[in-house]
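Work through these exercises with the model open. Each task is followed by its solution.

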Amino acid sequence: MSIRERLSGNEAAATAMRQINPDVVAAFPITPSTEIPQYFSTFVSNGAVDTEFVAVESEHSAMSACIGAEAAGARAMTATSSNGLSFMWEVLYIASSLRLPIVMSLVNRAVSGPLNIHNDHSDAMGARDAGWIMLFSESNQEAYDNLLMAHRIAEHKDVLLPLMVCQDGFITSHSIETIDLLEDDVVKKFIGAYKPEHYLLNSKEPISMGPLDLQPYLFEHKEQQAQAMRNAKKVILEVADEFEKLTGRKYGLFEEYKLDDADVAIVCMNSTAGTTKFVVDQLRKKGIKAGLLKIRVFRPFPAEEIAKALSKVKAVAVLDKAESLNAMGGALFTDVTSAMYVNNVHVPTVSYIYGIGGRDTKTDDIEKVYNDLLEIVETGKIDNPYRHLGLRTKGAEK
Amino acid sequence: MNDLIEIRWHGRGGQGAKTASLLLADAAFNTGKYIQGFPEYGAERMGAPITAYNRISTTPIRIHCNIYNPDYVVVVDDTLLNSVDVTAGLKESGAIVINTTKDGETLKKLLKGYKGHIYTIDARTVSIETIGKYFPNTPMLAAVVKVTGIIPEKDFLKDMEGSFKHKFAKKPEVIDGNMKALEVALQRVVKVQ
């Protein structure tokens, strides 16, 4: 039986962490994820968890402490946002290369500069090649569910990779929403005890972690990481199946919303997917065959599956909440179009950069994208594949 | 009730508009509705105009953007009427609820011809009479419940007692005053003819 509650996204993440009851949490506060360690430290003080909470002096130290703890054989978690993740950057790679299944709650926020505390995905996109599994969450419910599935995926013997669960700063992190929680004991049973195969505090097996790794081995070790990332797809689906049996809530690598018979499709991540579903429903009432492909698993990138899912539509728009400054379009756009190209799927596809620095993405904005796609279908022409949504331009105040 | 009701709050930093929106979400949640309650975070500071939002629905809510065409608008501080376009996008089938002592004619002028229903309440007087200090959000919360009818008044009062006990766990002496403020406010909402 689930417990119906009303929680903010940060409360949902903190609740998941309480139920997971990790051995170590090391965190440094940064808006908009500050509440997560704040709530969690209250759980520690009240004895609701028996976690060792390490109030570090920076995010670099937070990730380093998680690495130390996880290497020692403990289950470690953290939470951060924006520049906090940027500051962890070099140690993110250490975590993944040491194959330490640390779990992070990332509350997405624009990376400075100029300074902005609001939501976009530039923090996550900056870490996309760091060897972390990356799950995105449309709602508070998904932020909670993804965290509950995180350790089962990350700690799987075929994976052993760190994992971050993303949700949109403020938009979900600070919005109270209806949510269904699992009972504490159900979560405990689902996640199970952490039994690492190799760890530093095992006196029966003295090992070293993170030594010098030169020409003869690093390449092979990187390939092992890459293989683990490829393996993760299967494990993610297996864990999702088990989670569905427990909760009735279905998760895949991505969600197809009315995509079956769609003429025009949007690909996006996190909270905008919810707004897009609302617009899809409205357009469907008018007889427009609109659909959505919502990315849940961004790393590993389900290239073949996405290409197949988009193969029957007539035009696609990929929405990126980060400006990659590469003069060709967003990071998700380049991944989606590569996936389509190598799988021999040739559907007209355009990139939209949107929602930068917390710019609100309205239903009208999403509707405009679908209208643009319908125009592409009708004319067969794409004048500019690298577009912006909701951007104010000189002389044309929005 | 429509499937989805959207409410926009206008207040000033420190008046509790955000808290009121969260309490309204709480109360609606307890009647089995799906809810959202969220503030628009900007550069908040005491006294600056702030906006908060509620969605209340009989079905799950998936939309995640600010509210541009609200069914109801709540104005916690009538000095905002001069500087903020509070009726922007407000549905004419809806209503605006204002904490004010201004008369109907003055309000109609300030609202630039808004054709929907206008309700007022003197939340300052209610608050001072009941709580002893000026906390407009408690009476405004009751006024919204009265005007929207989203929660039966009895259920609302019963439910809020629980919420206040939780919210004011460290200062239980203010619970009675706040409950009284809700009860009185429910009776003091006036419709502008």
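**Exercise 1.** How many residues of chain A are in contact with chain B, and how many of chain B with chain A?

Conventions come before the count. Residues are numbered from 1 along each chain as its sequence is written, and chains are lettered from A and ligands numbered from 1 in the order in which they are written. This is a predicted model: local features need pLDDT of at least 70, side-chain atom pairs count only at pLDDT 80 or more, and totals for chains, interfaces and linings use all residues.

Step 1. Apply the contact test: C-beta atoms, placed from the backbone, lie within 7 Å. It gives 19 residues of chain A and 16 residues of chain B.

Step 2. Assign elements, taken as DSSP runs numbered from the N terminus (helices H or I, at least four residues; strands E, at least two). Strand 8 (176-181) and helix 10 (272-285) of chain A each give two or more residues to the side that touches chain B. Helix 10 of chain A has the largest share, five residues.

Step 3. Sort by class. Ala, Val, Leu, Ile, Met, Phe, Trp, Tyr, Cys and Pro count as nonpolar, Asp, Glu, Lys and Arg as charged, and the others, Gly among them, as polar. The side of chain A that touches chain B has four nonpolar, 10 polar and five charged residues.

**Exercise 2.** Find the strand pairing between chain A and chain B.

Step 1. Pairing needs at least two DSSP bridges between two strands. Strand 8 of chain A and strand 2 (residues 34-40) of chain B have two, and run antiparallel.

Step 2. Pick out one bridge: Glu177(A) partners Gln36(B).

**Exercise 3.** Describe the contact between the domains of chain A.

Step 1. Take the bounds, which come from an automatic or database domain assignment: domain 1 is 3-247 and domain 2 is 254-389. Their C-alpha centres lie 28 Å apart.

Step 2. Count the contact: 29 residues from domain 1 of chain A, 21 residues from domain 2 of chain A.

Step 3. Find the largest share on the domain 1 side. Helix 9 (218-247) of chain A supplies it, with five residues.

**Exercise 4.** Check the length of helix 12 (residues 331-342) of chain A.

Step 1. The expected span is 1.5 Å times one less than the number of residues. For 12 residues that should be 16 Å.

Step 2. Compare. The end C-alpha atoms are 17 Å apart, which agrees.

Step 3. Look just past the helix: Asn344(A) takes a positive phi of about 60°.

Definitions and conventions. Two residues are in contact if their C-beta atoms, placed from the backbone, lie within 7 Å.
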